Amino acid sequence: LEPPARALIRMVRDAERVVVFTGAGISTECGIPDFRSPGGLWTKYRPIEFQDYMSSAQMRAEAWRRKFAMEPAFRAARPGRGHNAIAHLVRIGKVRNVITQNIDNLHQMSGVPENRVIELHGNATYAHCLDCGLRHEIDDIRMAFEATGEAPGCRACGGIVKTATVSFGQAMPQEEMLRAEAATEDCDLFLAIGSSLVVYPAAGFPLMAKRNGARLVILNREATDLDPYADLVVSDDIGSVLEPLSTLNN
Ligand code: NAD
Ligand code: ZN
């Protein structure tokens, strides 16, 4: 391994309470494209903002068409080397919490207990009613959509149904924000992995950790705006760098 990757392993070994913060980059090796890399989703689609989703049936239909187009990749995705290494660190008690911007459920699938994963931007593996909160399964929505060509409303209350994710313009989930804050303030090492660190408020957590005296490591194959604040920057492939942590034993 290159020296920065080795330094990362040493810092994890020396730390007691690690918080892992992940972005889309940890899931690219699992076949889920990120937003900002070449070939990423933003080169294909401009994101649908929350207000547009709420005010236009046409936008809702478009959002579901995109969701169904992405579905095979989502369904086929399995945790990668990065997810598995992090799950190991949770198992041995090194990592208390995984704060993620991802919506792909792969941290949970890798064996991190649900109560240790803090999803800042929700989860795309199911949908819910924005009025009554009722959970809806993606397959049921697809069948209704295919039958009518329209985004179906809530079967209980008729409200607007949306994937359980946070869109641009939509409020952040309060409980998750508070839990992420508490975890960040409590850690001695904060690992920011595979995030371009430009989407706020999520991208505020690395600096919050720094202010509270934690060491900050940024692992990303491209430079980020927060690199100058990091104690260590590892500019390399996530899976290759994290894999050796799968055998750490304290
Ligand atoms: P982003 O696309 O802005 O940034 C991903 C970063 O990961 C990039 O800087 C890229 O250089 C890096 N990267 C990609 N593959 C890598 C690899 N193998 N090794 C090292 N670095 C790699 O993603 P973001 O910062 O998470 O923010 C985008 C938003 O998009 C988030 O809010 C998230 O909700 C959403 N999103 C989620 C998923 C997912 O759940 N997997 C996928 C796309 C977008
Ligand atoms: Zn409802």
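In this predicted model, the C-alpha centres of domain 1 and domain 2 lie 28 Å apart. The domain assignment gives 1–32 + 79–121 + 173–250 as domain 1 and 35–76 + 122–165 as domain 2. Where the two meet, 11 residues of domain 1 are in contact with 11 residues of domain 2. On the side of domain 1 that touches domain 2, the residues divide into 4 nonpolar, 5 polar and 2 charged.

A word on confidence before the details. The protein chain has a mean pLDDT of 95, and 98% of its residues reach 70 or more. The scores for the model are ipTM 0.93 and pTM 0.95.

**The six-stranded sheet**

Follow the order β3-β2-β1-β7-β8-β9 and you have walked across an open sheet of 6 strands with parallel pairing. At its edges stand β3 (117–119) and β9 (232–234), each of which pairs on one side only. On average, neighbouring strands of this sheet are turned by 15 degrees against each other, direction ignored.

At the β9 end, β8 (residues 215–219) pairs with β9 in the parallel sense over 3 bridges. Here leucine 219 stands opposite valine 234 in β9. Helix α7 (residues 174–186) packs on the sheet and touches β1, β2, β3 and β7, with its direction making about 130 degrees with that of β3. Helix α4 (residues 81–91) lies across β1 (18–22), β2 (95–100) and β7 (189–193), and runs at about 145 degrees to β2.

**The three-stranded sheet**

The other sheet to look at is open, has 3 strands in the order β5-β4-β6, and shows antiparallel pairing. Its edges are β5 (135–136) and β6 (161–165); each has a single partner strand, so one side of each is left without a neighbour in the sheet.

Strand β4 (residues 122–129) is joined to β5 by 2 bridges, while 5 bridges join β4 to β6. Alanine 127 is a handy landmark here: its bridge partner in β5 is histidine 136, and its bridge partner in β6 is threonine 163. Histidine 128, in turn, has arginine 135 as its bridge partner in β5. The hairpin of β4 and β5 has 5 residues between the strands, and in it glycine 133 takes a positive phi near 85 degrees. Helix α6 (residues 138–148) lies across β4, β5 and β6.

| α7 (residues 174–186) | β1, β2, β3 and β7 | about 130 degrees with β3 |

**The ligand**

In total, 27 residues surround ligand 1, and the closest are Gly23, Gly25, Asp34, Asn102 and Ser196. Sorted by class, this shell has 7 nonpolar, 13 polar and 7 charged residues.

Key. Residues are numbered from 1 along each chain as its sequence is written. Chains are lettered from A and ligands numbered from 1 in the order in which they are written. This is a predicted model: local features need pLDDT of at least 70, side-chain atom pairs count only at pLDDT 80 or more; totals for chains, interfaces and linings use all residues. Two strands pair if DSSP finds at least two bridges between them. Helices (H or I, at least four residues) and strands (E, at least two) are DSSP runs, numbered from the N terminus. Two residues are in contact if their C-beta atoms, placed from the backbone, lie within 7 Å. Axes are lines fitted to C-alpha atoms, for helices over the stretch in contact, and angles run from 0 to 180 degrees between N-to-C directions. pLDDT is the predictor's confidence in each residue, from 0 to 100. A residue is near a molecule or strand if its C-beta atom, placed from the backbone, lies within 6 Å of it. Ala, Val, Leu, Ile, Met, Phe, Trp, Tyr, Cys and Pro count as nonpolar, Asp, Glu, Lys and Arg as charged, and the others, Gly among them, as polar. Domain bounds come from an automatic or database domain assignment.
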